[in-house]
Amino acid sequence: MKNQSGEKKSFFNSHLSIFVSLGLVLVFWALEYYIHFLLNPGFSAYYHFFGAEPMELHMRLLVTFMLLSFGTYAHVLITARKSAEKKAQQHTRQYQSLFGNMLNGLAQYRLLTDELNNPVDFVLLEANQAYYRITGLSPEQVLGRPASAATPWFFKGDLDWLDIYGRAALAGETSKTEIYSKHLGKWLLISVYSPEQGFFVTVIEDITQRKNIEGINRENQERMDTIFNSIQAGIMVVDRETHRVVYVNPAAARIMGGDTGQLIDCSCQKYICPADQGACPITDKGQKIDNSERTLLTIDGRQVPILKTVVETELDGRPVLVESFVDITERKALEEGNRLKALLLDSVSDGIVVHDFDGNISYFNQAACQIRGLSREEMAGMNLFFDMATPEALDKKEQRLRKIEQMGEYTFETAGRTKDGSIFQTEVRASLVDLYGQKNILSVSRDISERKRVEGELKTLNTALEQSPSAVIITDLDGQIEYVNNAFTKMTGYTKAETLSNNPRILKSGETSEQEYQALWKAITGGGEWRGEFHNRRKDGSLYWEQAMITGIKDQNGVIVKYVAVKQDITEQKKARQEVEDTRHRLELILSGVGEGIYGLDDKRRTIFMNPTAANLLGYSVEEMIGKVQHDVSHHTKSDGSHYDSKDCPINASIKDGQIHHVTGEVFWRKDGSSFPVEYTSTPTVENGRVNGSVVIFHDITERKQSEAMQASIYKISEISVASENLLELYAGIHMVIDELMNTANFYIALYNQKDELLEFPYFVDEKDARPASRPLKKGLTEYVLRTGSSLMAPPLMQKKMIEAGEIEMVGAPSIDWVGVPLKSGRDTFGAIVVQSYREQVRFGARELSMLNFVSDNIAAAIQRKKGEDERKKLVKDLQESLNNIKTLKGLVPICSSCKKIRNDGGYWQQVEEYVAEHTEADFSHGICDECAHKLYPQYFKDKKNKTKGDEVG
């Protein structure tokens, strides 16, 4: 009786909208009759229902039909939505469980630099548990400490990691490196990128097993987002004879991409059934009602999949068809998204199998077949337990199944059998998943045969480390404790005797609300599981945090007979929980901040998906790119402007030859017609042994190219400073180098002569002004840079504001953009380099300012060095001319006749003396310095010291 009642209730709820529409019809008829009765007291019911005017009767029938149609439409819409929601929830749970088992280590660092912004060290800010497991480190060893102190062995390898990390954190350069760590005894794949300036992130994967068995393979992990379009619906009334539209509601017009005026009097088959002209299910095929999926053609030519219902009725005395339709684009997109997710799972190197508790397989990926040496067809017909397991594994099958059911997730090692009968060792992480309302097991397995061979002597220790002790409590249906393990007594301080036949409420601290307990009981009594945290009290009164998983134990009939709770003391973890929560948002930004563009092609080279980063880089929306042949859109022309034939395209080649193609030095083209340099990798996608498309990952390497150009400019400036004969040649060379970075049609170098207090312009190239003469300082833009010692980017609005504020006065012809950076010697500013523009076609911004700042220090050093060389040459020349007639130099400078030095001289005057000796006949007469005197005559000074009681010779 209970089941029948439930079925009736379920039937009533699922058809509630229809019952409501019927009720509304009855209310409408009754209300209309009542109004007529009030207006006409002598009005008979018979005349009201059977003697009414045709137009009045038609309006009643139309309203009745509309109410019934809306009820039917609501029923169809609710049924479709519930079905889509159920499937989406099932897929979400399955993929969350899958990706929760990924074993890569993730860590974030802050780079430490010196005063010149050179990297000197780095500090670990955050890392996941996989990072500590892979590296063998603990948070206490490395978290928050400089790496040079925490892991000094890391700096002793062949690679300069400090340089790699510095380029990532300071220049945004990403890298991926495979390295063997002698300290850890492992092969690691380390990926580095920067989420923001001064920080970098490393992703560490232990590839020891892969290196020892299969060699080096790249594992591409792709992330994709499935965009679900909102469901739209509409109602259309069509003349039965002519199939002309006589009415559409706003929703139908919106779906069809127009307004009601555009659709009235159009043929319904033009949009609703464009492929079935003359084959109407009602008028041509004699159906009473049509429920089917169709493809709607919108006014602008788009195709929209719909679920439609057509019924026949009368309106104003003429037969009409009422068509109601629901947009099912979301469902179609979901199906396509699931297909793409399946392709991604086939690219994972770990074997993935979904099976029931009897070993019947419902899903497996390509890696699961490869591990066992089977084809997909062979794998599909096998049982996981009886066709693939060893006798030892079969003996432990029931025990492991119970573990999985009790804990929800269980990791163990076992042996498997390949197609040829050989045995391999595997590590399995099994998790409970709900698949279409049934409990199934998701097993992620990894072949560890080679690892087991090298782990031999550490087997006992590894087994102990792999077992994480947890407190376990089993209660009856009333919550009375029937069993606790030793871990529970250690955690709470209560003995087993004190807890048996008691209730877990003895641990209550009063900090958990009744609402939480009610949610717990609702979850476990409904057959589900509850996971959460308690702040409980031990026997000695101290408080502790525990993490608990509580679920029901069912008998063979599926009836819950007991409850089991698995708990862990997480008191120490809770202390760090707040810090984790504070950094959660930053980690989300890091994980979502990958700058790669990603898109996928089918075997016809058409775009089937694209991430927002790729669309933004190309200047399109994602919707614009779907279905387009990507080579024709963004890869049609080479960097030199010549045509790029599609048959020569490496992206298309990967679909044809099934090989991975990695390319640098090419360009992609944006929607606005501009191009940018890229580095990309095209990887073929394979389904059922056939290449059915490719996935392309690309990077915009514009900044890298600019960085290379700026670095090259520094080298060129250094070369020019050495090769130039004088300052003018140096200035011209500097102009030539900067012209390679930006437009320098208007460029000058200004230097401040501190001695004469004049601003000089030793190099000046300008389209409007002649080279200015040396002048006292004014309040121009150049003087502003000299006065503040700071760079300045001054577009017209900035110049106007500075003039109004009295900070500057206009000097020379007014420019559109003016950019100047200071030239410094230490902290002193001695000049400036300036570029400016007089035309709208040439504009400067942050890029040009950054480039000038980047090279300004080297330019300043080159100018100072060349000025010093010119001054020294002049000094030597003047000295040579003045010494032509000198014959004797008595005590020219206080140079020691023994060591040839004067105090703080650095040997310079020794060079002067040698030069004078070579070019004149002058004789030198010098004394001797105290230091040499003490060395040459030690006994003299010893006797003198004794006589003068320690007085020193000055």
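Two strands pair if DSSP finds at least two bridges between them. Helices (H or I, at least four residues) and strands (E, at least two) are DSSP runs, numbered from the N terminus. The model is predicted: local features need pLDDT of at least 70, side-chain atom pairs count only at pLDDT 80 or more, and totals for chains, interfaces and linings use all residues. Residues are numbered from 1 along each chain as its sequence is written, and side-chain values use heavy atoms, with hydrogens and water left out.

Strand 11 covers residues 351–355. It forms a hairpin with strand 12, with 5 residues between them. In the turn, Gly359 has a positive phi of about 90 degrees. The two strands run antiparallel and are joined by 3 bridges, with Val354 opposite Tyr363 of strand 12. Strand 11 is also joined to strand 15 (residues 438–447), again antiparallel, by 5 bridges; here Gly351 stands opposite Ser445.

In a regular strand the side chains alternate between the two faces of the sheet. In strand 11, Gly351, Val353 and His355 point one way, and Ile352 and Val354 the other. Of its 5 residues, 5 are buried, where buried means under 20% relative accessible area, with a 1.4 Å probe and protein chains only.

Another site is Arg538, in the loop between strand 18 (529–537) and strand 19 (543–554). Its C-alpha atom is 9.0 Å from that of Ser509, 29 residues apart along the chain. Leaving aside neighbours within four places in sequence, Arg538 is in contact (heavy atoms within 4.5 Å) with residues including Met491, Tyr494 and Asp569. The side chains of Arg538 and Asp569 make a polar contact at 3.1 Å. A polar contact is a pair of N or O atoms within 3.5 Å; within protein, one must be able to donate a hydrogen and the other to accept it, and residues adjacent in sequence count only if both atoms are side-chain atoms.

Notes
Buried < 20%, exposed > 50% of the residue type's maximum accessible area, 1.4 Å probe, protein only.
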